[in-house]
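Good morning, everyone. Please look at the structure on the screen while I talk.

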Amino acid sequence: MLETQNTQAVKTLDLKMYINGEWTNSSDNKTREVINPATGEVIAQAAEGTVADARAAIAAAKEAFESGVWSDLPTVERAAYLLKIADKIDEKAEELAALETMNNGKPLREAGFDMGDAAACFRYYAGMITQPDGETYHVADPMQAMVVREPVGVCGLIVPWNFPMLMSVWKIAPALAAGNTIVFKPSEVTPVTPTKLIEIIEEAGVPKGVVNMVHGAGPVVGNEIASHKDVDMVSFTGGTKTGKHIMKAAADNMKKISLELGGKSPNIIFADSDFEVAVDYALFGIYCGSGQVCSAGSRILVEESIYDKFIERFTERAKQIQVGNGADPETEMGPLVSQQHMEKVLSYIESGKQEGARLLFGGERLTENGMDKGFFVAPTAFADTTQEMKIVQEEIFGPVVAIQKFKDEAEAIHLANDTDYGLAGAVFTVDGAKALRVIKKLRAGITWINSYHPTYNEAPWGGYKQSGIGRSLGTYGLDEFQEIKQININLEVEPVGWFKN
């Protein structure tokens, strides 16, 4: 629940947790400061959840699931709730976008797009669950076999800070559509719009216990959700290192998992591409969201015959990017989400310098024009990078790109696949056959040809290798939150006659 408190400097929000239909403080009444990354100001105090709070939320979700108050509803009624939530997101879109920018730092226009996508996601799954589903199989007489889809049960949903609202919706919408109850943990860094989303869900009339939210640290609340025996599934989006911890925590009770993790995605630009289009998407691929995007095109692979030309034009364009407070309508790239994350990104930049990469531009914290109290890092690019460099192999999650050259298709494919990740990738060329050949060789789950970043509710999202397990969005996103049950019907009810007596 968002309540406003007055302080000497700014109005701050009081962010409570939501457990079994009640807004509550943490069991020990501790809170955590929430910061505006553009100004360094405290904008909220969030309840700091404990293991006891997580267990209370899990118990409420279990009770609600077993009661059938949600899972037993006809799908048309569940869909009606989802449509109400979508309508309320639309009604509050301007307010939500402003809160998202204030907490995450992203430009206001980007936050606005996120709110539209969030509402559309709820509508998409509302429509999907009212369509016919299930299968029947003509097996050996006298049996008839059928398959039905059922909710998993209690689902633990853990989301990151880079798309606070949208990542929450990507999990909550299909989980609720499938008939599950949920225990939801937003990022402790960006809990503002997720809390507002839970308010909207409450306003829509979703029964108590169906949706529960616990704020707090990942090693405390997140670990309890991942390891608790009464949580039937955990769905996590975030870094690969944390994903591995969640996977291990979930293993003891063999719960279902869905992990959307990190990336080091290649953007391959051939000499025959539309040059200006390729440059434009290369900029968008890495600097949109300040590079804090799991699918960011953080490696640009350029055919050697246009390598120097590309670097020159890319540098020229990147130096014109307007960096600033996301609330300013002129801003094209905002701050990084926190001081801790800014320091991590700056350490990678220093690593690139020490390992011998050529710094083309950027590479420093920005402090002029009122940015001195925020967490701003200049758009940064390195050229002449090699495969063994940390800035080529590891996810930086900031506005830093490594540019490499290649000779031919084979080398481009080798370089593109030569990391532990496999989330996304793109190919730029006017040769359709070549584009498809290369895309089919990329070990990545999300790919584009002559484009970068578009995402659709209708299409699956997820990666290969250490970029995760499972898929979000589309029909696949609903499947993640369902169990498959086989039902066999005997059409001739007679003794089986297996035993003599």
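First, the ground rules. This is a predicted model: local features need pLDDT of at least 70, side-chain atom pairs count only at pLDDT 80 or more, and totals for chains, interfaces and linings use all residues. Residues are numbered from 1 along each chain as its sequence is written, and side-chain values use heavy atoms, with hydrogens and water left out.

Pockets come next. Rolling a probe the size of a water molecule over the atoms shows where empty space is left. The search runs on a 1 Å grid over the protein atoms alone; a pocket is an open set of points where a 1.4 Å probe fits, with protein on both sides within 12 Å along at least five of seven lines, and lining residues have an atom within 4 Å of a point. Grid points are joined across faces, edges and corners, and the volume is the space filled by probe spheres set on the points.

How big is the largest pocket? Its volume is about 1500 Å³. Its lining holds 50 residues, and Trp 161, Gly 238, Gly 239, Thr 242 and Lys 344 lie nearest the centre. Helix α8 gives the most to the lining, seven residues. By class, we find 21 nonpolar, 18 polar and eleven charged residues there. Here Ala, Val, Leu, Ile, Met, Phe, Trp, Tyr, Cys and Pro count as nonpolar, Asp, Glu, Lys and Arg as charged, and the others, Gly among them, as polar.

Now the second largest pocket. It has about 950 Å³ of space. Its lining has 34 residues; Glu 110, Phe 113, Phe 284, Cys 288 and His 453 lie nearest its centre. Which element supplies the largest share of this lining? That is α4, with six residues. The lining has 19 nonpolar, six polar and nine charged residues.

On to the helix pair. The axes of α3 (residues 93-104) and α6 (residues 192-203) come within 8 Å and cross at roughly 150 degrees. Axes are lines fitted to C-alpha atoms, for helices over the stretch in contact, and angles run from 0 to 180 degrees between N-to-C directions. The two helices are therefore roughly antiparallel, a label for angles over 145 degrees. Contact means heavy atoms within 4.5 Å. On the α3 side, Glu 95, Leu 96, Leu 99, Glu 100 and Asn 103 make it; on the α6 side, Val 192, Thr 193, Lys 196 and Ile 200 do.

Next, the sheets. Two strands pair if DSSP finds at least two bridges between them. Three bridges join β7 to β8 (residues 143-151). Tyr 137 stands opposite Ala 145 in β8.

Look at the loop between β7 and β8, where Pro 142 is found. The peptide bond from Asp 141 to Pro 142 is cis, with omega near 10 degrees. Most residues other than glycine have a negative phi, and most peptide bonds are trans. Asp 384 has a positive phi, near 55 degrees. Where is Asp 384 found? In the loop between β17 (380-383) and α12 (390-393).

Last, the seven-strand sheet. This open sheet runs β16-β17-β18-β15-β14-β20-β21, with mixed pairing. Its twist averages 20 degrees from one strand to the next. Five bridges join β15 (residues 299-303) to β18 (residues 400-406), and the two run parallel. Val 302 stands opposite Lys 405 in β18. Helix α13 (residues 409-417) packs on the sheet and touches β14 (266-269), β15 and β18. Helix α14 (residues 432-441) also packs on the sheet, touching β14, β20 (424-428) and β21.

Key: Helices (H or I, at least four residues) and strands (E, at least two) are DSSP runs, numbered from the N terminus. Angles under 35 degrees count as roughly parallel, over 145 as roughly antiparallel, 65 to 115 as roughly perpendicular and the rest as oblique.
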